[in-house]
Amino acid sequence: MEQLSTFGYSILLISIIISILSIRYTLRLRKYLEEFIYVSKKISNKEFHSRISSTAKGDLGELSKNFNEMIEIMDKTISDLDYSNLQKTSILKSISHGILAIDIDGNIMLINEEAKRMLKCDNGILVEGKNIKNVIKEEKLLEEINTFKGWKQNKTDELKINDDLVYKVSIDPIYLESIKHIIIGSIINIQDITEKVKLEHMRSDFVANVSHELKTPLTSISGFVETLRLNENIDVQTRNRFLSIIETESDRLKRLIDDILLLSFIENNEKIVYEGVSLYNVFLEVYEMTNYIAKSKNINLTYEFDDKSIVVFANRDYIKQVFLNLIDNAIKYTPENQGKTVKVTVGTKQDKIIIKVKDEGIGIPKEDINRIFERFYRVDKARSKEVGGTGLGLAIIKHIVKSLGGTIEVKSELRNGSEFIVNIPEKISFK
């Protein structure tokens with residue numbers, strides 16, 4: 001009986017110990033689970049710095065360690081992805097062309113800001129995931145992309161959007177990684193080549209115009225030389241007239257070649273020497289060269305300088321050409337023997353030097369004003385050739401003024417004269 005009582009006490013003691021251990025383990029497990037849930041919630045809120053701090057051993061300790069390592073790997077992976085995405089976004093923003101990636105159905109996977117601008121997407125609207133037919137406003141672009149999306153070949157076309165805009169559109173297939181025969185979409189590169197096309201047209205027109213302008217005097221010279229060579233008995237008066245025409249055409253040819261070379265020199269900025277140039281001194285040289293021509297046509301050439309000590313840091317020959325071409329043009333296109341006036345005004349305003357040349361000549365039609373600075377463009381071709389113009393004078397002035405960081409504009413009305421206004425930044429000014 002005594003032995004049974006002792007055994008009972010032992011069983012009770014063991015039960016109590018087991019119960020205490022169970023309760024302690026349960027409480028510890030509960031605390032661990034609470035921390036696990038707490039950290040899990042933080043991770044779900046993208047707080048990847050969170051970690052389980054439990055010091056549990058055994059399976060719970062191993063679970064804590066594995067969970068923390070998993071969070072660390074996840075954090076590093078997401079950070080790497082974020083950095084990679086930042087790099088790609090920065091690269092896309094830096095590309096001057098429009099870049100657009102679409103899937104096989106035409107849904108937008110990737111697009112940069114330049115593409116949004118070129119495609120006329122609504123500002124502030126998220127376009128990723130949307131179909132191009134609901135995003136692209138330019139019909140020609142939409143038609144081009146729809147036609148060639150999903151093609152296995154590369155496709156490049158030039159699209160004239162309107163009279164002032166030309167795009168080069170390249171469409172390339174996007175293959176599934178490591179599987180070259182499965183296409184998952186297309187990448188579209190849109191490049192604005194408007195200026196390039198304009199320059200190509202200008203170059204082509206320039207070559208054609210130069211050829212034409214050179215051919216005319218050369219044909220005339222060649223014809224009269226041939227006539228003189230084959231007709232030895234031509235009277236002196238006729239011979240002199242022919243020689244005078246040959247001389248005139250030769251001079252015209254020389255002026256044309258000189259102007260072409262000057263224009264090329266200015267455009268290429270070859271060995272240009274800049275120095276402090278006195279505007280008044282340069283003007284006086286031009287005045288002496290042109291005043292006698294003005295007097296011979298009964299034209300008054302007058303001038304007014306707000307400050308004769310103005311000095312600009314520029315190329316002296318450039319400044320001389322500006323004065324010479326503007327004044328010479330004004331005299332050429334002002335009717336003679338009518339007491340008309342050509343006035344030159346030079347002054348400064350808000351750190352700019354302003355040169356104005358105003359005449360009372362034949363003026364320029366409104367529809368021609370925007371084109372007079374084009375090479376070889378003449379308002380009145382017959383009149384221009386009659387007065388000896390090459391068609392390059394105003395183009396030369398425009399390039400000179402542009403190279404000096406300035407601007408040139410013209411105010412004119414047909415039969416009411418013209419006024420050319422040149423603005424040049426005042427680099428050096430002595431008062």
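Start with isoleucine 184, which sits in strand S5, residues 179–192. Strands are DSSP runs of E, at least two residues; helices are runs of H or I, at least four; both are numbered from the N terminus. A word on the source: this is a predicted model, where local features need pLDDT of at least 70, side-chain atom pairs count only at pLDDT 80 or more, and totals for chains, interfaces and linings use all residues. Residues are numbered from 1 along each chain as its sequence is written, and side-chain values use heavy atoms, with hydrogens and water left out.

Buried means under 20%, exposed over 50%, partly exposed in between, with a 1.4 Å probe and protein chains only.

Now the inside. Of the chain's 431 residues, 36% count as buried. The largest nonpolar core has 50 residues. Such a core is a set of buried Ala, Val, Leu, Ile, Met, Phe, Trp, Tyr and Cys residues, joined through side-chain atoms within 4.5 Å. Leu279, Ile319, Phe323 and Phe420 have the most contacts inside this core. Helix H8, residues 316–332, gives the most to it, with eight residues. Another core lies apart, with 24 residues, including Leu119 and Cys121.

Last stop: helix H10, residues 393–403. Its buried residues include Leu394, Ile397 and Val401. After H10 comes glycine 405, with a positive phi near 80 degrees.

Overall, count 10 helices and 12 strands in the chain.
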